[in-house]
Amino acid sequence: ISDDLYNLFLDSKKQYSCAYFKDENDSLETAQNNKINHIIKKLNIKPNQKVLDIGSGWGSLAIDIAKTAQCEVTGITLSKNQLNYSIKKAKELNLENQVNFKLMDYRQLNEKFDRIVSVGMFEHVGRKFYKRFFVQINKLLNDEGIALIHTIGSVNPPRDPHPWITKYIFPGGYTPSMSEVTSSIEKSGLIATDIEVLRMHYSHTLRHWKERFLANKSKVIEMFDEKFFRMWEFYLTSCEISFKWGDHVVYQFQLTKNYTSIPTTRDYIYQ
């Protein structure tokens, strides 16, 4: 699917993941900036630290981390389109010395990082690779490091993925139950130092995406056709409702290797 489609309904930073609404009337741009700032605070990043962004998308999170925390960021993606866009964006902002984007799988990395973040990528790891994923996080993380995994999840027991979403939107995608994630974290040797459950935030995000998408109906049909338009409208609408009335939430798992890597209270996140 062309990147042009996402320009029609995402925010200006092209964040294709759940925003963070301090007020449900926040604009999409405000809420996506809230999300980025919340993640940066929760990672408790110090200047000059090395940060890894797994599944860096169009690069805005990695770029904002580099600007805000004055550190060195590596973003990895499997999309050539997103890679080229991210490199161009970093160059425009004169951040090439701070932000480096690579086309590679997270399992290919073999270096240490002070902080690791992954937003909206874990849904595509696949259930049979959960343990491998967290073992690799453990391997890449410094002894005093902090990782933050942000993923869609279900509040219900494990079940099969939705066949319609699998066929038309996210082949191979899966939104895990908390029990599926935490058992793999435990087996990896990592410590879950904070688990936050974001409720309603993705419903609000999807509502904004849907409204922007509908406002651009003629452009979408010109890019694709009426059938595609109806399919994507159904995807955005049904997901909005599943986060409002169904079993879906967003989990943020903060992980470390010891108890002293982060402050003992959550105050540092909200100061």
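Student: In which sense do E6 and strand E7 (residues 248–256) pair?
Tutor: This is a predicted model in which local features need pLDDT of at least 70, side-chain atom pairs count only at pLDDT 80 or more, and totals for chains, interfaces and linings use all residues. Residues are numbered from 1 along each chain as its sequence is written, and side-chain values use heavy atoms, without hydrogens and water. Strands are DSSP runs of E, at least two residues, numbered from the N terminus, and two of them pair if DSSP finds at least two bridges between them. E6 and E7 are joined over seven bridges, and their sense is antiparallel.

Student: Which strands stand at the edges of the sheet?
Tutor: The open sheet has seven strands in the order E3-E2-E1-E4-E5-E7-E6, with mixed pairing. Two strands have a single partner strand each, so one side of each is left without a neighbour in the sheet: E3 (99–103) and E6 (191–198).

Student: How far apart are the closest N and O atoms of Asp 194 and Arg 266?
Tutor: A salt bridge requires a side-chain nitrogen of Lys or Arg within 4 Å of a carboxyl oxygen of Asp or Glu. Asp 194 forms one with Arg 266, and their closest N and O atoms are apart by 2.7 Å.

Definitions and conventions:
Helices (H or I, at least four residues) and strands (E, at least two) are DSSP runs, numbered from the N terminus.
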